[in-house]
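User: I would like to go through this structure with you, beginning with the charges. Could you set out the terms before the numbers?

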Amino acid sequence: MTPTGPLDLVILSSSILRGEDLTAAPGFVAVDGGRIAAVGPADAAGEWTARAARVIDVAEATVCPGLTDAHIHPVLGAAIARGLDLSGMTGRGAVRDALAGYAAATPHTPGTDWIFAWGLDPAVFGDGPWDNTLFDGVLDEELVYITLFDGHAALVSEAGLALAGVSGARDLPGSAYVGVDPAGHPTGMLYEVAALDLVRPVLPELSFEQRVDDVDRLLKAMAASGLVAGQVLDFGAPDMLEVLEALERRGDLAIRLRISPWVMPGATEEDLKAMVAMQGRHGRRWHVRGIKLMMDGTIDNGTAWLFEPDTHGESLHPLWNEPEELAAAMRFFHDRGIPTATHAIGDQAVSFVAKTIGDLPPNGTVHRIEHIESIPDAVLRQIIDAGASTSLQPTHCSLYSKADHSDNWSRRLGAERANHAWRTRDLREAGAVVALGSDWPIAPFDPRAIIASAQTRRPAGRPDIAPVQPRQALTARAALEGYTSQYWRSVGETGGVIEPGARADLTVFARNPLTAAPDDFAEAGVVLTVVDGEVVVDNSRTAAVPAHA
């Protein structure tokens, strides 16, 4: 093919991962009008560069299809990721010291102003009760709200509970509940959305402009890590679209967002129709497509839906009191050609969702199951037989569970079920589509570390930590595909490849993700991030590109 007019951009590289096979070859990628105009060998680049408004030679850096995170919560997460970040802390003493230091360094009036933190690992409670005695002698009489790392629970101080009028157990929908001690006194633990909502009215809100600023910074950081897009699986902030519209009045979003609003238990037919009406709303780099459903809670909190109880006698109930109502909602959207993504963590939750998908009459609509944390072989087969696509988060496994089963998640499940953790390889080998992502803010969003963890089953850069179920490790190619072609297949669309006519979403790394050691790739520089043909991150002049990377 010969160029016939001006072009926006040509990228030159000694390593371009082309087509479905991700075959590495030297050459060029020509971009125009937000699409890839041509991909060719180095000796044919001249006629294309001569017509380009901009030419970038990335030398030995590797040009990859643009990376998409299958599961993020950027607007809702900006409110969750508020205050002190406790991520990675597992010692009670360390958390108490961090909270004390943060309170001392943060100007506030005790008893009047709230102290926020997030990312709390339940490991800090050890074998003791999960309660707000964690604050004793450190944050006495303070208003404290801490979101646990899974985002499904919070720990609130005595003063905070009193201000919200939470004095004991409540009758709440689904698996939501207020934690209480044997005497019926609230422990400070609130589980699932309906319980969190008991305190939400007394929490001070960030201003609209603050939230717009926070989302702007977040999306730019995501682009800087190599992401070109993300699927937003919530509508937790009622003004989410207003936030995005305000951000686009400032300029284009740093990455593209596909928003799948959630439908929660108790939704009426009018609610479902309202979600249908939202489909297709869009800005320049965001659009509403699909629906998020939630079948259960989390294993860590005892709110998942398991066939057999966990070791605490919990996780026996779905989030929807009447599971068939969720199935009916999925059928409602399926009949209208709207894809769904359903949070299902426990084995019975996954089984129910897979069966529901399998019972739908084929019409070309693709439905996806999120998380799938522990399943036996029979349920894995249900997923395959149903033709469901899947979405998993490798760092949920590598950051929050341990090979020796000493973590809360594994202890809750017991060894047999913990040995069936995050079966990414089994799903791929059985023929399932497996998209990958972070679930930010539940886990860090950097795709380089997640791609590395998908291959090592441990935290990136930590070879001293034993891998969790290493047989489930993905190949480098499967891990990269989880962010590229497998993502697009998971939503029933084509994309995630470098070929003429494809969307011009490109990520250029200083190292080749298919050949670099996983820990080395986790530290690789991002040379370029290109979204819809626009260079949104450009480190091409400063990036150190190693030879033979």
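Analyst: For the charge count, Lys and Arg are positive and Asp and Glu negative, while His and the chain ends are not counted. The place of a charge is NZ of Lys, CZ of Arg, CG of Asp or CD of Glu. On that basis the protein has 44 positive and 72 negative side chains, and the centres of the two sets lie 5 Å apart.

User: What kind of model is it, and how are residues numbered?

Analyst: This is a predicted model, in which local features need pLDDT of at least 70 and side-chain atom pairs count only at pLDDT 80 or more, whereas totals for chains, interfaces and linings use all residues. Residues are numbered from 1 along each chain as its sequence is written, and side-chain values use heavy atoms, with hydrogens and water left out.

User: How many helices and strands are there?

Analyst: There are 19 helices and 24 strands. Both are DSSP runs numbered from the N terminus, helices being H or I with at least four residues and strands being E with at least two.

User: And the overall dimensions?

Analyst: The C-alpha trace spans about 80 × 55 × 50 Å along its principal axes. The radius of gyration is 24 Å, which agrees with the value near 24 Å for a compact globule of 549 residues. That radius is taken over C-alpha atoms, and the globule rule is 2.2 Å times the number of residues to the power 0.38.

User: What share of the residues is buried?

Analyst: Of the 549 residues, 58% count as buried. Buried means under 20% relative accessible area, exposed over 50%, and partly exposed in between, with a 1.4 Å probe and protein chains only.

User: How do the contacts run along the sequence?

Analyst: Among contacts (heavy atoms within 4.5 Å) between residues at least 6 apart in sequence, 74% join residues at least 24 apart.

User: Back to charges: how many salt bridges does the structure hold?

Analyst: It holds 35 salt bridges, each being a side-chain nitrogen of Lys or Arg within 4 Å of a carboxyl oxygen of Asp or Glu. One of them pairs E245 with R281, with the closest N and O atoms 3.4 Å apart. E245 lies in helix 7 (residues 240–250) and R281 in the loop between helix 8 (269–278) and strand 16 (286–288), so this pair ties together parts 36 residues apart in sequence.

User: Why does E245 count as partly exposed, and R281 too?

Analyst: E245 does so because its relative accessible area is 30%. For R281 the relative accessibility is 38%, so it also counts as partly exposed.

User: Which other pairs are worth a look?

Analyst: R368 and E370 form a salt bridge with the closest N and O atoms 2.5 Å apart, and both residues are buried. R462 and D464 meet at 2.6 Å, N to O; R462 is partly exposed at 36%, whereas D464 is exposed at 56%.

User: Changing topic, where is the cis peptide bond with P441?

Analyst: A cis peptide bond joins W440 and P441, with omega about 15°. P441 is placed in the loop between strand 21 (434–436) and helix 16 (447–456).

User: Which residues other than glycine have a positive phi?

Analyst: Among them are E192, with phi about 75°, and S315, with phi near 60°. E192 lies in helix 5 (residues 192–196) and is buried, at 3% relative accessible area. S315 sits in the loop between strand 17 (291–294) and helix 9 (323–335) and is buried as well, at 2%.
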